[in-house]
Amino acid sequence: VKLLKMEWLPLIGYGRLTVIARKNGIIPEKILKPSPFHALASIYASATGNEYDSLIFAWDILFGQGYSEGLPGKVEVHVFEDSVAGLRSCISAADVLRQHGVDVDLHLWGISRHARKMEALREGGARVKPDINTTLSYVFG
């Protein structure tokens, strides 16, 4: 995000997942894709702009501490993924949010040029485009 001068964009990556996992005494792999944790944290960070609170939100909603406030009653989520595990994570996250009364409009976008991967992404429910720039132009044109 710094390279693109987009520091305003919240970023939930492996480093942040490692911090919350270690803080709670688990290995980070437990909350990696296809777990919905990463997707839940990313959705919350996008809605609120707060990366740390998004990690707490995802932890609370998945591991029994209850539902944290902060999301609107309806969210539109566009997922740009190059893996089926990432799609599953987002689908699971949307299901969790729906169980808590959030109306989720989920759009799955697969990014790949490889025939086998494109087929897998389509089977996972994504509309597939060859690269992120093409996809973003198509979606937000």
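Which side chains meet in a salt bridge with an N to O distance of 2.9 Å? Select Asp 131 and Arg 113, whose side chains form that pair, a salt bridge being a side-chain nitrogen of Lys or Arg within 4 Å of a carboxyl oxygen of Asp or Glu. The pair links distant parts of the chain, with Asp 131 in the loop between β3 (127-129) and α6 (132-140) and Arg 113 in the loop between β2 and α5, 18 residues apart; helices (H or I, at least four residues) and strands (E, at least two) are DSSP runs, numbered from the N terminus.

This is a predicted model, in which local features need pLDDT of at least 70 and side-chain atom pairs count only at pLDDT 80 or more, while totals for chains, interfaces and linings use all residues. Residues are numbered from 1 along each chain as its sequence is written, and side-chain values use heavy atoms, with hydrogens and water left out.

The structure holds 5 salt bridges. Select next Glu 51 and Arg 16, which meet in another of them at 2.7 Å, N to O; Glu 51 lies in helix α3 and Arg 16 in helix α1, 35 residues apart.

Then turn to Leu 40, which touches, among others, Phe 57, Ile 61 and Leu 97, not counting residues up to four places away in sequence, where contact means heavy atoms within 4.5 Å.

Finally, select Arg 98 and Asp 95, whose side chains meet in a salt bridge at 3.3 Å, N to O. Both residues lie in helix α4, 3 residues apart, about one turn of the helix.
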